[in-house]
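Please look over the sequence and the structure shown here before reading on.

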Protein chains: 2
Amino acid sequence: MKISTKGRYALRMLLDLAEHKNDGYIALKDIAARQNISKKYLEQIIPILNRSDILSANRGYQGGYRLAKSPEHYTVGQILRLTEGSLAPVACLEHDPVECDRADDCITLPVWKGLHKAITDYLDGITLQDILDSQAERYANDYII
Amino acid sequence: MKISTKGRYALRMLLDLAEHKNDGYIALKDIAARQNISKKYLEQIIPILNRSDILSANRGYQGGYRLAKSPEHYTVGQILRLTEGSLAPVACLEHDPVECDRADDCITLPVWKGLHKAITDYLDGITLQDILDSQAERYANDYII
DNA sequence: ACAAATCCCACCGAATCAGTAAGTATTGAG
DNA sequence: CTCAATACTTACTGATTCGGTGGGATTTGT
């Protein structure tokens, strides 16, 4: 019941892009350095995100990535669904559901459905902008103290 | 981000014991047959639950297991914590937290804390009795229709 | 032309998952 | 007292996933 590093890194990568959304195209090298993540591994995660048009990429010299939309248009749920494949806590709730002949009278299925809803309701309610805002707020508090 | 079969089987096993709580000691063989789960595998799951005094076991002829308390005293969260080790969606939130030197200014940590809370609030709010009740209700409806 | 970047594909060790196998210890019934 | 049924224990195993690394090919601004 863990979020994979792939998902956590993807979120941090997009947050990094959100923080630098006015700096043009950001090279993977810079994200890797700032976030202290292997650039090679990020190279493997990027195409997962890139497939669904949430990023805009530029190859070659001075190339890199930037967000296709502004940070409030990305929810954490949306990002994690890409990297994790699905946020369903059991296989029988996935989009192409794994067949389960017990589903009709499965006594535990409603529990998993409810859990799935609790998870997605929470994660789809948080945008990248929300996370940036809460960070800004924290820094402000630090400054006051 | 999946609940393991170990956790799902543990829940079904305890629900089976709850359904037969007035039938004395229940042999693993019977649970395995009713739930269509390998008895050998259940044998491996049982000690995880047995360690924490939620079961009462009897060895030998006519032996088996029964719940130590009544079904409303078991929450799904409590059971899954035993089999999954922890319900934390990231390692840095576990009980013996995995060290993370970035924790102090980790921008994503509040997200994972909130997710952890959403998950545990939901799962700790459901008891075995709740599940049995919802099943009974469904059967009642079927009967009416 | 060259260097910096994205892209692409294969590989790899370690851990986890989902079980199986084989045997020991304990108990009630006959 | 013996036997069969049961819980308990330990070890093993094949498949898959996790968390990467390595080696290049391709594109692009200077």
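This is a predicted model: local features need pLDDT of at least 70, side-chain atom pairs count only at pLDDT 80 or more; totals for chains, interfaces and linings use all residues.

## Overview of chain A

The secondary structure of chain A consists of six helices and two strands.

Chain A has 145 residues, and 23% of them count as buried. The C-alpha trace of chain A spans about 55 × 45 × 25 Å along its principal axes. Among contacts in chain A between residues at least 6 apart in sequence, those joining residues at least 24 apart make up 63%.

## Helices α1 and α4 of chain A

Two packed helices are described by the angle between their axes and the distance between the axes. For α1(A) and α4(A), the axes come within 9 Å and cross at roughly 135°. The crossing of α1(A) with α4(A) is right-handed.

On the α1(A) side, the contact involves A:Lys6, A:Gly7, A:Ala10, A:Leu11 and A:Leu14. These meet A:Val76, A:Ile79, A:Leu80, A:Thr83 and A:Glu84 of α4(A). By class, the residues of this contact are six nonpolar, two polar and two charged.

## Where chain A touches chain B

In the contact between the two chains, 26 residues of chain A meet 26 residues of chain B. On the side of chain A that touches chain B, at least two residues each come from α1 (5-19), α4 (76-84), α5 (109-123) and α6 (128-144). The helix that gives the most is α5(A), with eight residues. This side of chain A has 18 nonpolar, four polar and four charged residues.

Helix α4 of chain B, residues 76-84, has B:Val76, B:Ile79, B:Leu80 and B:Arg81 as its buried residues. The buried residues of α4(B) pack against α5 of chain A, and also against α1 and α5 of chain B. After α4(B) comes B:Gly85, which has a positive phi near 85°.

## The surfaces near DNA

There are 26 residues around DNA strand C, and A:Ala27, A:Leu28, B:Ser38, B:Gly60 and B:Tyr61 come nearest. In chain A, α2 (28-35), α3 (39-50) and β2 (64-67) each supply at least two residues of the surface near this strand, as do α1 (5-19) and α3 (39-50) of chain B. The most are given by α3(A), with five residues. The surface near DNA strand C has nine nonpolar, 11 polar and six charged residues.

Around DNA strand D there are 25 residues, of which A:Ser4, A:Ser38, A:Gly60, A:Tyr61 and B:Ala57 come nearest. Here α1 and α3 of chain A each supply at least two residues, as do α2 (28-35), α3 and β2 (64-67) of chain B. The most are given by α3(B), with four residues. The surface near DNA strand D divides into nine nonpolar, 10 polar and six charged residues.

## Two loop residues of chain B

B:Asn36 lies in the loop between α2 and α3 of chain B. Its phi is near 60°, a positive value in a residue other than glycine. B:Asn36 counts as exposed because it has 9 C-beta neighbours inside 10 Å, and the limit for exposed is 12 or fewer.

B:Asp53 is in the loop between α3 and β1 (55-58) of chain B. B:Asp53 is not a glycine, yet its phi is positive, at about 60°. With 9 other C-beta atoms within 10 Å, B:Asp53 is exposed.

Helix α6 of chain B, residues 128-144, contains B:Ala140. B:Ala140 has 10 other C-beta atoms within 10 Å and is therefore exposed. B:Ala140 and B:Gly64 are 76 residues apart along the chain, and their C-alpha atoms are separated by 31 Å.

In chain A, helix α6 contains A:Ser134. A:Ser134 has 13 C-beta neighbours inside 10 Å, so it counts as partly exposed. From C-alpha to C-alpha, A:Ser134 and A:Arg51 are 29 Å apart in space, and 83 residues apart in sequence.

Key: Residues are numbered from 1 along each chain as its sequence is written. Chains are lettered from A and ligands numbered from 1 in the order in which they are written. Two residues are in contact if their C-beta atoms, placed from the backbone, lie within 7 Å. Ala, Val, Leu, Ile, Met, Phe, Trp, Tyr, Cys and Pro count as nonpolar, Asp, Glu, Lys and Arg as charged, and the others, Gly among them, as polar. A residue is near a molecule or strand if its C-beta atom, placed from the backbone, lies within 6 Å of it. Axes are lines fitted to C-alpha atoms, for helices over the stretch in contact, and angles run from 0 to 180 degrees between N-to-C directions. A crossing is left-handed if the near helix is turned anticlockwise from the far one by less than a right angle, and right-handed if clockwise. A residue is buried if 20 or more other C-beta atoms lie within 10 Å of its own, exposed if 12 or fewer, and partly exposed in between; C-beta atoms are placed from the backbone.
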